[in-house]
Amino acid sequence: MSRTSSDTQLDKVQGIKGASVYNIHGLAGSQGSLSIPPIHRDVPGYRGSNEFILSDDKKTTMDQLREIGPWCRRKYKSIFRKKILYKRVPVLSWLPKYNGEDAIGDLVAGFTVGLTVIPQALAYSSIAGLPAAYGLYGSFLGCFIYILLGSCKDVPMGPTAIASLLTFQVTNGIWQRAVLLCFLTGLVELLMGLFALGFLIDFVSGPVSSGFTSAAALIILSSQVKDLLGITAKGNTFVEQWQAILVDIHNTRLGDAVMGFTCIVVLLLMRLLPRVKFGPPEVEDQSLLQKIMNKTMWLVGTARNAIIVVVCGSIGAAFYNNGQMPFKMIGDVPKGLPSVQPPPFYVPEVKDANGTITQEYESFGDMLGSFGSMLIVIPLIALLEDVAICKAFANGKPVDATQELIAIGVSNIANSFVQGYPGTGALSRGAVNNASGVRTPFGGLYTGIIVILALLFFTPYFFYIPKAALAAIIIAAVIFMVEVRVVKPMWRSKKTDLIPGIAAFIACLALPIEYGILVGIGLNVVFILYHAARPKLHLDQLITPCGIKYLMLTPDRSLIFPSSDFVRNLINKHGLKNQTPVVIDCTHIYGADFTAAQVIDTLIKDFKMRNQMLLFLNLKPSVCNVFEGAELEYRVFYDIEQLEKAIQEIRRKSFQA
C-alpha cells in the first residue's frame, strides 16, 4: 500500500513549536485539514481525543442527492467512450490491421484445431454423460462469438475435460439440465464480467489450483475406465467410481480392452513425434525435404486424436455385422445442425413402453436448486482455465480477466440456444493453436466451420467409433494434467503451501468436487487470516540523550481485529518485562478498525494503571481518525527529538512527584 503525500509530510515535521495545519487529500479527492495545536504546557507532544482533530467539510443529505444526476452523467460518459468500446469489443482493434499473412496463419491454425476439437468433443460429451452430439453442438457457435469479444488469439472456445466433469456432477446426464446450466453459467459469467469480478480467481492460489486440477484429472481418468474395459459403472466421486468398477470388472470385454490400451500406447508414442527433428536444429539451415518431413511429423503428432478416431472408426465399421459389434460404439449421432431454440426451463416426464417413469418431471425451481453452488464454481473454474491459456501465451502482456469473463459468458449463452453445455478455453487446444501459428482470434472461424461440416456430412460415420478409442484419447490427455512436477519446487520454496494443495486434492477425490475446491480455498483463507493475526514486532532498546532507556516496538503491518489482542499481549509482555517507557512506532500501520481502537484503548489503560509511559510515533492520519472516533486518550509524535524530550520531561516530573 502506498503512502499518501500527507503521511510523508507528517513524517518530516521537525521541531514543531506552535500551531500548524497540514492538508490531507483523501482517496475521493476531498480535502480536509489536520490541525495540530501547540505543545501542551505540562506534557510535550500531541494529545489524542481532544487536541488532535481530523476535520472535513460535511455535506447535507440534499446536497448529496443533488449530486446523483451529475454523477450518473459522468458515469455514462466514461462508459460510452471510444476507448471503452475498443476494450470491450476487441475485434475493432485488430480487424482494421488484418492482412494476408494473418489470414494464412489463422487458416492453418483453425484447420489444425478443428481436427483436434472434433474427437475431443465426442469424447468430452462422454465425460458429461451426454450423447456424443452435444459435444459438437457446443463447439462451433462459441468460436464465432469469441472472435468478436475475445482478447486472446490462442483461446479456442468449446467443451473441456474439467467443464464436462463438473457438468456431469450437476446434471447426471440429463441434457435439459446441461443446456440450462450452460445458459445460467454464461449469464453468471457475463454479470461477473460487467461488474469487473475477474479478481475473484486471485482467491484460488496456485497450490489449490494444482490440487484441484490433479484430482479432476484422476476423476476424469476413472470415469473412462468403464469404456476402456467395456463394462458398466457409475459414480460421481473418485471413490464411488472405483467401487462401481471393481463390482463389474469381471464383465470386461476383451475387444474393448485390447483396443483401448493399444490406443493409449499409440497416442503416447505419437505425442513424441513433434519432437523428432530431421536435419540441422535451425530452420534456416534445413533443406526443403527436411522442412516438409519435420512439418509432417508435427502435423501427425498434433492430429493424433483425429487419426486414432478415423483408424478405429474404420476398424469398427469393418467388424460391424448386422448389429454384432466386437466393440461398444458411440451409436447414432443426429445428422445436421441443432435447432436454434431457447434453453429448456423444465425437464419433462419420460415413461418407457411399460408406462414406468424413467425420468421425473422437474420445474425450473427444482433444476435451479439442484445446481446449487455450481453456478458459482463452474464460472470460476472456466475463468481459471481460460486465463491460464491467456497467461501461457501472453508473452508478458497483461491479461484482461474481466473481458475474458464477458467473452466466455456470451459464448455460453449463445451455445445454450444450440443445445450446447458449458465450455471455456481448453489449454490443450490452445497449445495446438499457438504452435500452429495463429495470428488473431479469427482462427476460431475455421474451427467452427469444420465442426459444422462434420455435423452436416460426417455424423453417419461417427456411429462406428468405438467408445474405447474415445476413452483412450481422454486418458492419454488427462494423465499429463496430474501436476506432480509442482510438488518438489513447492516443498523447496514454502512447505506450508502443500497443505491447502494436498487438502484440495484429497477433498476433491473423496467429496463432490465443488466441496473440495471450497476446502482448499478455505484453508488458504485461514492461513491468510493467521498471518494477518500474528504480526511481527521489531524490538529496539534505545536511550535518550539524557540517558533514559526506553523501548521502541514496531509492528510490521496494519492493526485489524484478528491481530489486536495478540499485539496488546505482546506489548504488555515487553512492557512488564522492561518497566521502561514504551513507544509504538506506527510507521507500517496504514490502517486500523474499531476493534483495534478498543484494544489500544485497553492497552493505554493497562499502562496507565501501572504508571508506565506509552507513546505513539508516526501515527497516520487515517489511523488517527479511527482512534479519534473511539475517543482514545493518547499521545502521538512525528519527530524523534520531540519524542525523547517528552520522555525526559515526563520522567523528570515523575521523580519530582
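This is a predicted model: local features need pLDDT of at least 70, side-chain atom pairs count only at pLDDT 80 or more; totals for chains, interfaces and linings use all residues.
Residues are numbered from 1 along each chain as its sequence is written, and side-chain values use heavy atoms, with hydrogens and water left out.

Secondary structure comes to 28 helices and 13 strands, taken as DSSP runs numbered from the N terminus (helices H or I, at least four residues; strands E, at least two). Of the 657 residues, 49% count as buried. Among contacts (heavy atoms within 4.5 Å) with a separation of 6 or more, 75% join residues 24 or more positions apart.

Now for the two residues. Buried means under 20% relative accessible area, exposed over 50%, and partly exposed in between.

| Residue | Relative accessible area | Class |
|---|---|---|
| Phe458 | 44% | partly exposed |
| Ser564 | 3% | buried |

Phe458 sits in helix H20 (residues 443-462). Together with Ile449, Leu453, Phe457 and Tyr461, Phe458 makes a nonpolar surface patch of about 520 Å². Patch residues have over 30% relative accessible area and no salt bridge, with nonpolar side chains (Val, Leu, Ile, Met, Phe, Trp, Tyr) joined within 5 Å and like charges within 9 Å. A salt bridge here is a side-chain nitrogen of Lys or Arg within 4 Å of a carboxyl oxygen of Asp or Glu.

Ser564 belongs to helix H25 (residues 561-578). Setting aside neighbours within four places in sequence, Ser564 touches Thr595, Ala596 and Val599.

Methods: Accessible areas come from the Shrake-Rupley method with a 1.4 Å probe; for residues, only the protein chains shown count as cover. Buried means under 20% relative accessible area, exposed over 50%, partly exposed in between (1.4 Å probe, protein chains only).
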